[in-house]
Amino acid sequence: MSSKIHILAIAPYASMKPLLVKLADEYPNIDLTVTVGDLKKGVEIAQNNFHAKYDVIVSRGGTAKLVQQSVSLPVIEITTSAYDILRTLKLSGAGTRKVAVVGFSNITEEFISLKEMLPYKIDVFTIDSTEKAVSVLYQLKNDNYYTILCDMITYTTARGLGMNAFLITSGIESIRAAFNTAVLCCSNYSYLRDENHFLRQLIQGKDACTVVFTSEGKLFYSTLTENDTDILDILHAEINDVLTTGKRRFVFRQNNLLYSIQAQRIVSDKSEYVAFYSTATKTPLAGNKCGINYFNHKEVEKIYFNSTYSVIDSIAQLDNIINQVNKNNYPVIISGEVGTGKEQMAKALYLRSSMKNQPFIQIDCDLLSGKIWYYLINNHNSPLYGTDNTIFIKNVNVLSEQQQKQLLITITDMEIYKRNRVIFSCISNIKGALDSNFMAFVNRLRCFIITLPPLRDNPSRIDSIVNLYLNRLNIDMAKQILGVSPDGMEMLRNFDWPYNYTQLNRVMRNLVIMAAEFYIYSDDVQEALNKERIITNASYHTKDLAKSLDLSRPLNEINKEIAAIVLEAQNGNQTKAAESLGISRTTLWRLIKSQ
């Protein structure tokens, strides 16, 4: 048996601490740690010190009850004796004044049995929370009670309301009785206690931290340090999502660390527990700007269902494709123009897949710096070297040719696509063609291709899309827009939407913001679309339409087509088109008229 019994004492009020320390001197086999904290603060103390080698916790009143509900260590309650109550009654002048006793049941039950022997009337009110205490005290104040006898939480509340309050303190006799019970409790299971200490030392020697809850949510075991106990709430919230069989993996960020969690349910002697094993790594990542982001199922679900793509229910048209593709974990390529919802399609695939309880890792290729690229390809902590994850590599086409080759070699040589679900997205031109370099991914990995259609391919859907999105914007902006006028809706149908849903999102938000009446009229629509043509068309046509140029023709023919593209983007304005090309209006005119 261990030479000492390690007791954590949580005193609900400061004046109890010296009594605890003084009395501990009478027990040479006790190693006592005393803290001060009431109710929720007391629970935090218990959880923050759970990693230590305590055998038993000693506390009082409502604090003891809450701690019992939160941790699995034995909790010995410092009871309130009849002598403690009588002593406080004497100070309160209860014989001549209107007095009430308010407290948790372990205070009031003792008093109820005692009050029958008292020569004066005292009312008793039992509470079970801080909120109930406030409600009762307000009523007693209105009923002109002179004095309140209470425990610590009620005492603090009553004083805040300006009421006379007497704290029922525990004397040294009550504390001695609690210590005796603690010693007896630990002595009765000394063998189990020593075995428990030994097993804890073995587990604490591992790299991973272990946290175990009972199926009811009590903290059963933890190897977390005091600096890490803020993750307990995060893990506690995940208990119900851990499946009855199998293991679940998820990730989250906290204090600049990436926590990788494996969770499972364990049955021991007919009792069920939920165990979490966590490892923390520090990676050279700087938040969202680094281009690598980790999400769990709930986070992906929230992002997806708040997206424009979800609101307008475009995914419904692809239900059958998603269900068929998710029957296996082959690599998938999602292609489409800018703003067609490729990222949200990747999230929809994940949310409907068998791997939805594992991490979703998004790699934004257009945000990767040289340092992050090296980390991604070479570091053993890179998400590419994990297992059972869904890895979404967004906009692969923006990588250089060398980087694309390097990524493909890494994915194939390390068999990343066999250990994980890999989803790529690639921006196609307006004809739907993929970058020729990217076709190597399609061929080597035998990817299934999902091509997302642009908005202009089905203008008849614009009406329903606009109305669905208007409904959402009315909620978000506290508006009451009833719809778009028929001629305004016609303009929206006929617009080219080069940036698709992203552009529709922006236009509709602007229209709702500016709407002064219950309808959006054609004048407002016309103004909004004209702004879009000015803002977006030049960059869209020069970047995307130019990809379709036939470069095998003579130079004068190529130049003429480029001039025509830019002039169209500027709505026929030759001055703006010439400025965009960096040539004079005369040169532009000659290019257009050339044979």
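A salt bridge is a side-chain nitrogen of Lys or Arg within 4 Å of a carboxyl oxygen of Asp or Glu. The model here is predicted, so local features need pLDDT of at least 70 and side-chain atom pairs count only at pLDDT 80 or more, while totals for chains, interfaces and linings use all residues. Residues are numbered from 1 along each chain as its sequence is written, and side-chain values use heavy atoms, with hydrogens and water left out.

**Exercise 1. Find the salt-bridge partner of E415, then describe how open both residues are.**

Step 1: E415 pairs with K418, and their closest N and O atoms are 3.1 Å apart.

Step 2: Recall the classes: buried means under 20% relative accessible area, exposed over 50%, and partly exposed in between (1.4 Å probe, protein chains only).

Step 3: E415 has 37% relative accessibility, so it counts as partly exposed. K418, at 55%, counts as exposed.

Step 4: Now look at a network: salt bridges with shared partners join E343, K347, D364 and K394. The whole structure holds 19 salt bridges.

**Exercise 2. Work out whether K121 and D123, which meet in a salt bridge, are buried or exposed.**

Step 1: The N to O distance between their side chains is 2.5 Å.

Step 2: K121 is exposed at 64% relative accessibility, whereas D123 is buried with a relative accessible area of 19%.

**Exercise 3. Explain why K405 and E401 are separated by about one helical turn.**

Step 1: Helices (H or I, at least four residues) and strands (E, at least two) are DSSP runs, numbered from the N terminus.

Step 2: Both residues belong to helix α16 (residues 401-413); because they are four residues apart there, about one helical turn separates them.

Step 3: E401 is partly exposed, with a relative accessible area of 42%.

**Exercise 4. Decide which residues cover each face of strand β1, and find its partner strand.**

Step 1: Side chains in a regular strand alternate between the two faces of the sheet.

Step 2: On one side of β1 lie I5, I7, A9 and A11, and on the other H6, L8 and I10, all buried.

Step 3: Seven of the seven residues of β1 (residues 5-11) are buried, so the strand is largely enclosed by the rest of the structure.

Step 4: Two strands pair if DSSP finds at least two bridges between them. β1 and β2 (residues 30-36) pair in the parallel sense over seven bridges, with H6 opposite D31 in β2.
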